[in-house]
Amino acid sequence: MTSCNLKNVERTKYGIYYEQKMGNCLACCKDHKENGGNVHESRFIDTDKVDLTSASSQNAHLPESRLFGGLGDNSNNGNRTSHQNSEKRMFYPRIPPILSGSGDSKRSSQSRNESVSEPKIISLFEQYKDGQEDAILSEGIERFCRDLEVKPEEYKVLLLAWKFSAETMCKFTKQEFVTGCKTLKVDSIKGIQNRFPDLVQEAQNPENFKDFYRFTFRFGLDSENGQRILPSEMAICLWKLVFSHREPVILSRWLAFLEKHQNVRGIPRDTWNMFLNFCDAVKDDLSMYDDTEAWPSLFDDFVEYENDQTNQNVQHKENRNEESD
């Protein structure tokens with residue numbers, strides 16, 4: 001009997017499919033024709049009866065009667081001839097149906113990996129690069145965003161800058177652009193557009209969002225001029241943008257506090273990073289805030305301001321009730 005090596009074993013709710021290596025299977029087909037046999041579909045093996053965790057390790061220990069669904073014992077010479085044609089008919093498998101979900105996404109991902117071309121990425125970069133500098137600057141960014149059908153101040157563009165690991169706002173260097181496109185497995189405008197939903201979903205993961213959030217501070221700095229503190233106006237804009245899809249309850253009050261207190265000129269990195277922890281640590285009414293912990297002093301001022309506002313509101317309400325009596 002001509003034997004075929006099992007390439008892999010895939011479990012499904014219907015049973016276990018067997019897929020043979022193409023070269024060996026063609027050899028099997030050739031033997032069928034020489035012997036006058038016909039090729040039919042293989043049977044599915046009942047997973048309740050057979051427990052296979054590794055085709056390569058267990059095939060040698062399982063009799064063919066279990067592997068191929070009811071074939072006789074090969075050691076019986078008397079029955080070997082009578083079962084030979086039946087055995088071969090069982091051996092060529094039916095092609096498994098295309099399953100929706102992960103299989104489709106895997107094929108899409110593999111196709112995307114194979115089709116990415118660095119020359120195409122460079123050609124795309126050249127369409128938007130500045131005439132004097134080997135980078136895409138503000139004017140090129142605007143044209144790039146227009147072709148992507150997004151606005152430069154949009155959340156998706158910030159996500160794209162994150163994946164490109166951009167160092168400076170309104171600028172993509174050639175290395176950032178090429179490396180970023182390779183990371184995203186894209187080499188065209190359409191490819192980038194198709195990746196936007198994936199980026200939005202990726203940023204929903206807490207660990208990914210933490211990295212995205214911290215990147216946003218670095219991205220907002222004018223690093224070329226050595227800036228280390230984010231101007232309050234820029235910080236407010238970036239807080240609104242980075243929290244577009246997951247806004248903390250206290251964000252609006254925090255931003256109103258910063259806008260009211262013009263003496264707060266800038267936001268240091270520690271304050272920016274700790275605000276994410278601050279949102280998780282305090283309740284909506286700030287009742288869980290512990291001023292003995294090592295919070296930035298600006299948070300102390302914010303909580304004190306909010307408490308004063310609450311007390312004033314309560315006092316005003318009591319005064320109105322007294323006047324109505």
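## Terms and basis

Buried means under 20% relative accessible area, exposed means over 50%, and partly exposed lies in between (1.4 Å probe, protein chains only). Lys171 is buried by this rule, with a relative accessible area of 15%.

This is a predicted model: local features need pLDDT of at least 70, side-chain atom pairs count only at pLDDT 80 or more, and totals for chains, interfaces and linings use all residues. Residues are numbered from 1 along each chain as its sequence is written, and side-chain values use heavy atoms, with hydrogens and water left out.

## Confidence

The average pLDDT of the chain is 74, and 61% of the residues score at least 70. Here pLDDT is the predictor's confidence in each residue, from 0 to 100. Residues 1-113 have pLDDT below 50, yet this stretch has 115 contacts in the model beyond near neighbours in sequence. Residues 313-320 also fall below 50, with zero such contacts. A contact means heavy atoms within 4.5 Å. Where pLDDT is low, the predicted coordinates should not be read in detail.

## The nonpolar core

The largest nonpolar core has 68 residues. Such a core is a set of buried Ala, Val, Leu, Ile, Met, Phe, Trp, Tyr and Cys residues joined through side-chain atoms within 4.5 Å. Phe177, Trp239, Trp254, Trp272, Phe275 and Phe278 have the most contacts inside it. Helix α8 gives the most to this core, with eight residues. Domain 1 (115-204) and domain 2 (205-320) both contribute, so the core lies between them. The domain bounds come from an automatic or database domain assignment.

Leaving aside neighbours within four places in sequence, Phe177 touches Ile121, Leu124, Phe125, Ile136, Phe144, Phe164 and Phe172, in contact terms.

## Helix α12

Helix α12 spans residues 232-242. Helices (H or I, at least four residues) and strands (E, at least two) are DSSP runs, numbered from the N terminus. The buried residues of α12 are Ser232, Ala235, Ile236, Leu238, Trp239, Leu241 and Val242. They pack against α8 (155-164), α11, β5 (230-231), α13 (251-260), β6 (266-267) and α14 (269-281).

## Salt bridges

A salt bridge is a side-chain nitrogen of Lys or Arg within 4 Å of a carboxyl oxygen of Asp or Glu. The count comes to six. One of them joins Lys182 and Glu118 at 2.6 Å, N to O. Lys182 is in helix α9 (residues 174-184) and Glu118 in helix α6 (residues 118-128), 64 residues apart. Lys182 is partly exposed at 36%, and Glu118 is partly exposed at 36%.

Glu133, Lys171 and Glu224 form a salt-bridge network. Lys171 meets Glu133 at 3.1 Å, N to O. Lys171 sits in the loop between α8 and β4 (172-173), Glu133 in the loop between α6 and β3 (135-136), 38 residues apart. Lys171 also bridges to Glu224, with the closest N and O atoms 3.0 Å apart. Glu224 lies in the loop between α11 and β5, so this pair ties together parts that are 53 residues apart in sequence. Glu133 is partly exposed at 33%, while Glu224 counts as exposed at 55%.

## Arg218

Arg218 lies in helix α11 (residues 206-220). Its relative accessible area is 39%, so Arg218 is partly exposed. Beyond neighbours within four places in sequence, Arg218 is in contact with Glu167 and Arg269. The C-alpha atoms of Arg218 and Ile229 are separated by 9.6 Å, and these residues are 11 apart along the chain.
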